[in-house]
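Q: Could you help me look through this protein? I'd like to take it slowly, one part at a time.

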Amino acid sequence: MHELNLCGRNVNIFLTTMGEQKIVRSTAVAGLEVSGLHNNNFLELTEVFSQKAIPVSKANIPSQEEVDRWPHLKDVRIPSISGEIGLLIGANVPRALEPEEVIHSVKNGPYAVKTMLGWTVNGPLREDSCSMTKAGVPHVLSNRISVCRLEELWSQQFKYDFPEGRQDEQTEMSKEELLFMDRVSTSAQLKGGHYCIGLPLKNKEVKMPNNRAIAEQRAFNLKKKLLKNTQFQEDYVTFMNDMITKGYAVKVPNKDINRSDGRVKVPAEDADLLRFLWWPGGDVSRNLEEYRMEVHLFGATSSPSCASYALRRCAEDNKHMFDASVVNTVLHNIYIDDCLKSVTSLEQALSLYHDLRKICQTGGFKLTKWISNSTEVLSKIPDEEKAQGNKDLDLDHNPFPIERALGVQWCVQSDSFRFRVVIQNRPLTRRGILSMVSSVYNPLGILAPIILPAKNILQELSRSKISWDDAVPENLAQQWFKWVQGIQQLCLLWRSCICSSASFLRCQ
């Protein structure tokens, strides 16, 4: 560094050699470039670290006379340099080590590699390359040097200790998830404007037993409940009739019911797995008849995943027809049945509104319950497609309602988030405190700094080896009461990350 008149910044590095590992002081230099002696092809090096000594010497450099002893190396030219070795280039600069020409070994002799920096010779170049010590033991020279910045080691250790903070890692699918993706991707088809996806069965050869007797017994129990409660019967029958009228379910073996909803269909070969018994027209005085679902069953474990796959498949199948921002909105801005998206202008918001409706309609999905913090955007959306509280809203005079989005209250008018936390009383024990802290719903992580003091109390209880149902020490109890009093005042508005000039869209 002194010979080159360079300066850098002081750092600690973790130096590993064949014999030891240690933390040493070093100077980091950036922007250094090197080239071969006989060309002007300069190569920028990664950050270089200084050391007082390098475990190599001029004796490690072959001379031209040594190379000339091997006829197959006659084209290799090794320049004579009087200076000492001052730089080691490692594998983190692959361009410097990339072979441009290779002269292969002959009769177990040395081989040569030409790089952009010149020739390198490897192998038994000298006669004493396998020399023996006085005791008759082979003398072997081996060097391996590894350098790692201490800051990088700390960062790696932090990611290991707190894996939830790693934003760049890729989550791998489990065997069950891979099997699910195989089942739905191979069975998914677009039929009559709707996606049809088979049931993601673990065993496609499953044979279901005839359990009609059990189904009849359950229907009999349901009948007694319906006759005892008129309102319950009215609501239940209305729901079932509506489901049958819309074609979600049909009598066996009736099929081919047209519908214009956003449900995901079940193929005919799987529909018999979704059979049920029901009274025609909801008249419990009539005989039970067999029905089966034509769409994925609401409440089934696999249904949300099948619906999500169908929606994403809809975006992928039609990405050539729409702008990338529209496709990315479907793929990355929809959670369960909520779509949330922020754009920077009125024109973008209206364009996105129209294109989202179109791309989803290609798969039989209809977006409704639209809401925006822009009155101009809302004025262009038909009332029947707006969210419930915005259908009869006077956009010039009435204030916007407070909506719920991903578990928090969104004040549309001020474009901010509002939180309401209610702590249920529990015994003042370690178990009770854990229950109360866990009841704070914080899906977006915004309340993490506020919840942290309560978690510190739990950490201290664990460190003090307080049992789950033992009374909390007085000092920690006082901290807990103070925290509870503070969080109960959390009815303040929290500004969101959406700028005031943005147009925010939400729909279902």
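Q: Let's begin with Val206: where does that residue lie?

A: Val206 is in the loop that runs between strand 11 (194–196) and helix 5 (212–228). Please keep in mind throughout that this is a predicted model.

Q: And is Val206 buried, partly exposed or exposed?

A: Val206 counts as partly exposed, because its relative accessibility is 34%.

Q: Which residues touch the most other members in the largest nonpolar core?

A: That core has 58 residues, and those touching the most other members are Ile197, Leu356, Ile359, Ile433, Val440, Trp480 and Trp483. The helix that gives the most to this core is helix 10 (residues 346–361), which contributes seven residues.

Q: What does Trp480 touch, leaving out residues up to four places away in sequence?

A: With those neighbours set aside, Trp480 touches Leu428, Ile433, Met436, Val437, Ala454 and Ile457. There is also a second, separate core of 17 residues, and its members include Leu226, Leu274, Met293 and Val295.

Q: You mentioned Ile433 and Met436, so which residues of helix 12 are buried?

A: In helix 12 (residues 430–438), the buried residues are Arg430, Gly432, Ile433, Met436 and Val437. If you look down the axis of helix 12, these buried residues fall within an arc of 160°, so they line one face of the helix.

Q: Why would residues a few places apart point the same way?

A: An α-helix has 3.6 residues a turn, so residues three or four places apart point the same way.

Q: And what covers the buried residues of helix 12?

A: The cover includes helix 13 (448–463) and helix 14 (474–487).

Q: While we're there, what about Ile450, where is that found?

A: Ile450 is found in helix 13, and it is partly exposed because its relative accessible area is 22%, whereas a buried residue would be under 20%. Although Ile450 and Trp483 are 33 residues apart along the chain, their C-alpha atoms are separated by 8.9 Å.

Q: Changing topic, is Thr329 buried or exposed?

A: Thr329, whose place is in helix 9 (residues 324–332), counts as buried because its relative accessibility is 0%. Apart from neighbours within four places in sequence, Thr329 is in contact with Ile334, Cys339, Lys341, Leu352 and Leu356.

Q: Now the charged side chains: how many salt bridges does the structure hold?

A: The structure holds 18 salt bridges. In one of them, Lys251 pairs with Glu289, and the closest N and O atoms are 3.0 Å apart. Lys251 lies in strand 12 (residues 249–251) and Glu289 in strand 14 (residues 289–293), so the pair ties together parts that are 38 residues apart in sequence.

Q: How exposed are Lys251 and Glu289?

A: Lys251 counts as partly exposed at 34% relative accessibility, and Glu289 counts as partly exposed at 27%.

Q: What does Glu290 form a salt bridge with?

A: Glu290 forms a salt bridge with Arg275, in which the closest N and O atoms are 2.4 Å apart. Since Glu290 lies in strand 14 and Arg275 in strand 13 (residues 275–278), this pair ties together parts that are 15 residues apart in sequence. Glu290 is partly exposed, with a relative accessible area of 29%, and Arg275 is partly exposed as well, with 39%.

Q: What about Arg292 and Glu294, are they buried or exposed?

A: Arg292 counts as buried at 6% relative accessibility, and Glu294 is buried with a relative accessible area of 16%. Their side chains meet in a salt bridge, at 4.0 Å from N to O.

Q: Which residues are linked in a network of salt bridges?

A: The network links Arg212, Glu216, Asp272, Arg275, Glu290, Arg292 and Glu294.

How values were computed: Residues numbered from 1 in each chain as written. Predicted model: local features only at pLDDT ≥ 70, side-chain atom pairs only at ≥ 80, totals over all residues. Heavy atoms only, no water. Core = buried A, V, L, I, M, F, W, Y, C linked by side-chain atoms within 4.5 Å. Buried < 20%, exposed > 50% of the residue type's maximum accessible area, 1.4 Å probe, protein only. Helix = DSSP H or I, 4+ residues; strand = E, 2+ residues; numbered from the N terminus. Contact = heavy atoms within 4.5 Å. Arc of directions from axis to C-beta.
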